[in-house]
Amino acid sequence: MLRTTWILAALLLIGSSPVLAARGPLPPPPPPNHADAPSPARPVPWSRLDPDTRRMLAPMRPRWDRMSPRHQQHLLRRAERWKHLSPERRERIRERIARWERMTPEQRREARANHRRYEHMSPQERRALHHAYERFQSMSPQQRDKLRREWRRMTPEQRKRWMHDHPPSSGGR
């Protein structure tokens, strides 16, 4: 299992998966601030949204009326949460969204698959992965590019050998 974990770690690191770009979970959504919150079973008319929420969700306006009530509620919860994020956190999220939009469909499928693998890791495996990611991020851009090029040329056996020869340093969180 450890060997699989390190292979996965390398794949995530080399691909710079958006999964690891987040530095922790989002804060819990704040409690609703108005008593007449729409029911999840009913559609939410665009006209009932407050001006700030409309501004945040403006890109969704053309599709809003065709969305399921559940999807509308999901977006409303995210918009409410967004209002309470720090400017730094908002900027990190914007950067991740922009990176996601630049990905090809294949890269997105790979990122989703990596995320599913990450969700099924043990806490120890996640710590090891985070540690390896931090090591990768501490390299210069030239070192990272060189490692990526080398990694792409390696056979699976060479990658296993590389992972064995470059174990994570002791320590961690």
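This is a predicted model: local features need pLDDT of at least 70, side-chain atom pairs count only at pLDDT 80 or more; totals for chains, interfaces and linings use all residues.

Colleague: How many salt bridges does a search of the whole structure find?
Modeller: Side chains of opposite charge can pair when their charged atoms come close. A search of the whole structure for such salt bridges gives a total of eight.

Colleague: Lys83 forms a salt bridge with Asp50; how many residues apart in sequence are the parts that this pair ties together?
Modeller: The closest N and O atoms of Lys83 and Asp50 are 3.7 Å apart. Lys83 belongs to helix α4 (residues 69-83), whereas Asp50 sits in the loop between α1 (2-15) and α2 (51-56), so the parts tied together are separated in sequence by 33 residues.

Colleague: Is Arg148, the salt-bridge partner of Asp145, buried or exposed?
Modeller: The closest N and O atoms of Asp145 and Arg148 are 3.1 Å apart, and the two residues are separated by about one turn of helix α8 (residues 141-153). Asp145 is partly exposed at 37% relative accessible area. Arg148 has 16% relative accessibility, and the cut-off for burial is under 20%, so Arg148 counts as buried.

Colleague: Which residues do salt bridges with shared partners join into one network?
Modeller: Lys83 and Asp50 have already been described as a pair. Through shared partners, the salt bridges join into one network the residues Asp50, Lys83 and Glu80.

Terms used. Residues are numbered from 1 along each chain as its sequence is written. Side-chain values use heavy atoms; hydrogens and water are left out. A salt bridge is a side-chain nitrogen of Lys or Arg within 4 Å of a carboxyl oxygen of Asp or Glu. Helices (H or I, at least four residues) and strands (E, at least two) are DSSP runs, numbered from the N terminus. Buried means under 20% relative accessible area, exposed over 50%, partly exposed in between (1.4 Å probe, protein chains only).
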